[in-house]
Amino acid sequence: MKNVIYYFTGTGNSLRAAQVIAERLGDTEIISMRCDPKDVPSENAERIGFVFPVHHWTMPAYAIHFAEQVKLNPRAYIFAVSTPGLINGGCQDRLAELLQEKHCTLSYGEKVYSVANYVAMYPPFPDPDKRVPKTEKQLLYIAQEVAEKKLRNYPHANAITRWLAPRKMQKFIEHCPSNDKYFSVWDDCISCGLCAKVCPCHNISFKNGKPTFLHQCSQCMACISFCPKQAINFPKFTRKRKKYHNPHVTAADVASDRKQYPPQN
């Protein structure tokens, strides 16, 4: 494909960003970072994108690993779009460092504030009915700039964030993979397997017909948000809490690893 966009998504905000950009570009493949990076190189692509949420003021660990391993065209126009709920932090600084190690340059970076959905701690905010239309409008603008190969300095972490991040966020990053021990699976579970399909980290397997968590969790909340029976909880506080996933994205979209734009007949 002429253009490749790699995305990491839990409840669909980053996937939606990748979709909007791909629809504008055409001749584009969007690829989940759930894929093995060895299987999805973009050494011949003209444009290469990285789209991801912000976890603990940086890129999700799974996305960092993917970016470290994937083979890229160092001459490509490379862009990044992060989808923070509140704080963008140093996520694009981190990506720029990883690209530099590959002799690549981040030509364009932008952030798009999206609905925050760490349902283990709080209900979605701000109001999706107000935030999502604003996000959609900004994505169209970004897609046009990427189509034109505009140059834009990526958003940097400010001095306060750079100082606080290793002191406040590092412990959360270290404990994140094993925090799936707090998930509980209730008797409502119908063993449909959807939670395993939408998980971006291959963190869920099935044992005796019930989900088992493998301690490589990103805390993206996809399993909780897409469960048709609300059978997965953290550990019980999320049962009655409002859930969210991007309204333009389905569970089938999140479960898919690759898609071409325009779609093949």
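Contact here means heavy atoms within 4.5 Å.

## Basis of the model

The structure is a predicted model, in which local features need pLDDT of at least 70 and side-chain atom pairs count only at pLDDT 80 or more, while totals for chains, interfaces and linings use all residues. Residues are numbered from 1 along each chain as its sequence is written, and side-chain values use heavy atoms, with hydrogens and water left out.

## Overall fold

The protein contains 8 helices and 10 strands, these being DSSP runs numbered from the N terminus (helices H or I, at least four residues; strands E, at least two). Along its principal axes, the C-alpha trace spans about 50 × 50 × 35 Å. The radius of gyration, taken over C-alpha atoms, is 18 Å, which agrees with the value near 18 Å for a compact globule of 265 residues; the globule rule is 2.2 Å times the number of residues to the power 0.38.

Of the 265 residues, 54% count as buried, where buried means under 20% relative accessible area, exposed over 50%, and partly exposed in between (1.4 Å probe, protein chains only). Among contacts between residues at least 6 apart in sequence, 77% join residues at least 24 apart.

Strand β1 covers residues 3–7, and because 5 of its 5 residues are buried, β1 is largely enclosed by the rest of the structure. Asn3, Ile5 and Tyr7 point one way from β1, whereas Val4 and Tyr6 point the other way, and all are buried.

β1 pairs with strand β2 (residues 28–32) in the parallel sense over 5 bridges, two strands being counted as paired if DSSP finds at least two bridges between them. Within this pairing, Tyr6 has Ile31 of β2 as its bridge partner, and Tyr7 has Ser32 of β2. β2 is itself mostly covered, with 5 of its 5 residues buried: Thr28, Ile30 and Ser32 point one way from the strand, while Glu29 and Ile31 point the other way.

## Glu43 in the following loop

Glu43 is found in the loop between β2 and β3, the latter covering 47–52. With a relative accessibility of 42%, Glu43 counts as partly exposed.

When its neighbours within four places in sequence are left aside, Glu43 is in contact with Lys71, Leu72 and Asn73. The C-alpha atom of Glu43 is separated by 9.3 Å from that of Val70, a residue 27 residues apart from Glu43 along the chain.
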